[in-house]
Amino acid sequence: MKYVDEFRDGELAKVIAANIAREADSQRVYRLMEFCGGHTHAISRYGLADLLPASVRLIHGPGCPVCVLPIGRVDQAIRLATDQGVILCTYADTMRVPASDNLTLMRARAGGADVRMIYSTQDALKIARDNPERQVVFFAIGFETTTPPTAVAVKQAAAENLRNFSILCNHVLTPAAMHAILAVEGGVALDGFIGPAHVSTVIGSQPYEIFADDYAKPVVIAGFEPLDVMQAILMLIRQINGGRAAVENEFTRAVTREGNRKAQAWVAEVFELREVFEWRGLGSVPYSALKLRKVFSEFDAELKFSVGYVAVPDHKACECAAILRGQKHPQECKIFGTVCTPENPIGSCMVSSEGACAAHYSYGRLRGVTP
Amino acid sequence: MSYTRPLDFKNGRIEMSHGSGGRAMAHLITELFAKAFDNPYLAQGNDGALLPHASGRLVMSTDSHVVSPLFFAGGDIGCLSVHGTINDVAMMGARPLYLSAAFILEEGFPLMDLKRIAESMARASLEAGVPIVTGDTKVVEQGKGDGVFITTTCIGVVRDGVTLSGELAQPGDRILLSGAIGDHGMAVLSRREGLSFDAPIVSDTAALHGLVAAMLDCGACLRVLRDPTRGGLATTLNEIARQSGVGMLLQEAAIPVHQTVEAACEFLGLDPLYVANEGKLLAICAAGDAERLLEVMRSHPLGMDAAIIGEVLEDAHGFVQMHTRFGGRRIVDWLAGEQLPRIC
Amino acid sequence: MCLAIPARIEQLVGKDSAIVNLGGVKKEVSLALVEDVAVGDYVIVHAGYALQKLDEEEALRTLEVFAEFNAMNDAEGGKP
């Protein structure tokens, strides 16, 4: 596969790893946070941690949009399917997220609710067209990579007057999450950010400049493949060693400073900022999420149906919050691997394959972990 | 003798009477199943088939088949049900002798499709040399079944001196795989997900008892044979590791995967290690015999891409580990739930 | 929500779609979010949409940088 295989070359990996080993100062620690579910997954799947010296610590941040969804939001989706009898369309990632009353979307489906897994928002539109007598709701989650496809779907629904279609909007914003991380009480010890791959494709590299300028944290945007991640780590180490803090772009083949203007325009036309939104692990974060503009309010499931948001606290023993903030490692959660496993997840970090806990459980339990 | 109208295979459909035990059902069996499966045991025409003496330890296995869609590139539910159960018996080191086939048909199911399925089963059965000697037919109301469900049972005989079992793997043993993984699962899933191909992904469904016989003949010290069906290679190896109380270490670079399967998995966010196979087997053998066994497998048409993919280790945790192509190490864990296509 | 793959545009379909090809596997995707794409271009595909055109020159340059960086380090004995 072109532009995929070359970036997974094991021989080149060894070379970059050797350079990281040479340049990383063994007398200090480099705490690098990655913000992208895809990076979490790549690091685990390819065993990247094995190729890094002990001084480089990779911290998983809140880059997995499934993981940062509070229980109450999943409850809304479930209630739409069970109580309101809609056809609930969702990406497969949300199906097993534990919600209230021991429910998941998957269990709701087993109980008779019409929950359908889709690959693209186009599929949701098709379901709405094919079922004019039913209400169809799309469970819209995701960071800035996934928001433009939702915008396209809403505009298309408006153009077609598809009145039985609506969305439950949970789109969230990456820079807001980064601000929230840096503003966490007590602080999160961080030396740099590995910038998300495909989010940056859309938003460009410019939004990260504030973190370099104001917070003095270097940001290197990394592509999705393991070689990209390694090269980005090398670039971060160089900046940190040199006392610099700048935004650098390793993923030049897909990311520019301005990003994808067309996609940004679609989003700006359809969505506006919510004043506040609750995140699992970060609490209420201002201007961190999106909702539909008034002109599209007939496609807003929260307005259309009476499924108000009720905040639900996490399970008492669940450490997802601290893990999402990068303050704790999955190993430090008392129920990790015992009560909370991929078969029986207690928190969302164990459900999504990009969640820190699931990734660690599935791939990383091998090596003892230094928190 | 009263005239019985021949079955309308072009436009006819299954009706409730086809399952009621009366004339209609007898007609269906004679005209469709008996005609397709045609063998002296079935021709006895009794509820149970009277079979000759078999000498040796008996092995029996049963499998239900609920695949959807019923027809896919490289096969259908019919040949799948024949191959799958034959393979289960073969994995015990047994020679499969006889099959039974039970059908649960949904009212309204097209006779044309049923004929196609029956003929596919007949072909598979004939090629494998394992006759379908007895069967059953039931019909459920429309909406209560997914077209057709097929349950097959197979009986076989193990040759003396052969004992294969999941708890026999020992540290030091080598793990062999008979060919590329992921073909069947992706052939089925791709149809559902609207993918198309330059070179189509074709199910690898096949009866493996011939390959197994060749492997047993060569005298290699075989400990375990298993076919990685649902849950894929990863799940099967984890099962064996748990049964034997050992760990394993795989080499990702050694595991054969067709490029198109790899690309289809990329598209859908799946891992080939967890995708079902229906014509592949895993073999665990003593280290000293691995090369010889590999050669034997590669000389058989169903083992041409066979490879040594790893070894068994001592490991109290029972982890199945893998050296990635990239150079790092990871666990290859059990499949949790269904492998859901990710977008994330 | 980051799983995205680079695929080659094989055929344009209608006003806003295309068939893309990755390693021999083809799927129809929406082009609503990109502009000026032609057959032969590579795009990043996510959730059924092309998100961005892949700059092939930059891709090659990146691969070269991996090697160059390292060759440079070898030459200088690893000093930045």
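Analyst: One term is needed at the outset: buried means under 20% relative accessible area, exposed over 50%, and partly exposed in between, with a 1.4 Å probe and protein chains only. This is a predicted model, in which local features need pLDDT of at least 70 and side-chain atom pairs count only at pLDDT 80 or more, while totals for chains, interfaces and linings use all residues. Residues are numbered from 1 along each chain as its sequence is written, chains are lettered from A and ligands numbered from 1 in the order in which they are written, and side-chain values use heavy atoms, with hydrogens and water left out.

User: Understood. How many salt bridges are there over all chains?

Analyst: There are 36 salt bridges over all chains, where a salt bridge is a side-chain nitrogen of Lys or Arg within 4 Å of a carboxyl oxygen of Asp or Glu. As background, side chains of opposite charge can pair when their charged atoms come close.

User: Which residue does Arg253(A) pair with in a salt bridge?

Analyst: The partner is Asp228(A), with an N to O distance of 2.8 Å. Helices (H or I, at least four residues) and strands (E, at least two) are DSSP runs, numbered from the N terminus.

User: Are Arg253(A) and Asp228(A) buried or exposed?

Analyst: Both Arg253(A) and Asp228(A) are buried.

User: What does Arg238(A) pair with?

Analyst: Arg238(A) forms a salt bridge with Glu23(A), at 2.3 Å from N to O. This pair links distant parts of the chain, 215 residues apart: Arg238(A) belongs to helix α10 (residues 226–241) of chain A and Glu23(A) to helix α1 (residues 10–23) of chain A.

User: And why do Arg238(A) and Glu23(A) count as buried?

Analyst: Arg238(A) is buried because its relative accessible area is 16%. Glu23(A) is buried because its value is 7%.

User: Turning to chain B, where do Asp204(B) and Lys280(B) lie?

Analyst: Their side chains meet in a salt bridge of 3.0 Å, N to O. Asp204(B) is in the loop between β8 (196–197) and α6 (209–217) of chain B, and Lys280(B) is in the loop between α8 (259–268) and β11 (282–285) of chain B, so the pair joins parts that are 76 residues apart in sequence. Asp204(B) counts as buried at 11% relative accessibility, and Lys280(B) counts as buried at 9%.

User: Now the interfaces. How many salt bridges are there between chain B and chain A?

Analyst: The count is two salt bridges. Arg45(A) pairs with Asp271(B), the closest N and O atoms being 3.9 Å apart.

User: What area do chain B and chain A bury between them?

Analyst: About 2,800 Å², 59% of it on carbon and sulfur atoms. Buried area is the accessible area (1.4 Å probe) that two parts lose on being put together, summed over both. The contact, meaning heavy atoms within 4.5 Å, takes 28 residues from chain B and 37 residues from chain A.

User: What about chain A and chain C: how many residues does each give to the contact?

Analyst: Chain A gives 51 residues and chain C gives 40 residues. The area buried between chain A and chain C is about 3,800 Å², with carbon and sulfur atoms giving 65%. Tyr3(A), Tyr119(A) and Arg253(A) supply 17% of the area that chain A buries against chain C, more than any other three residues.

User: And how many salt bridges and polar contacts cross the interface of chain A and chain C?

Analyst: The rule finds zero salt bridges there, but 15 residue pairs are in polar contact, both residues at pLDDT 80 or more. A polar contact is a pair of N or O atoms within 3.5 Å; within protein, one must be able to donate a hydrogen and the other to accept it, and residues adjacent in sequence count only if both atoms are side-chain atoms.

User: Which residue does the side chain of Glu58(C) meet in a polar contact?

Analyst: The side chain of Thr252(A), at 2.8 Å. Glu58(C) lies in helix α1 (residues 56–76) of chain C and counts as buried at 18% relative accessibility. Leaving aside its neighbours within four places in sequence, Glu58(C) is in contact with Thr252(A) and Arg253(A).
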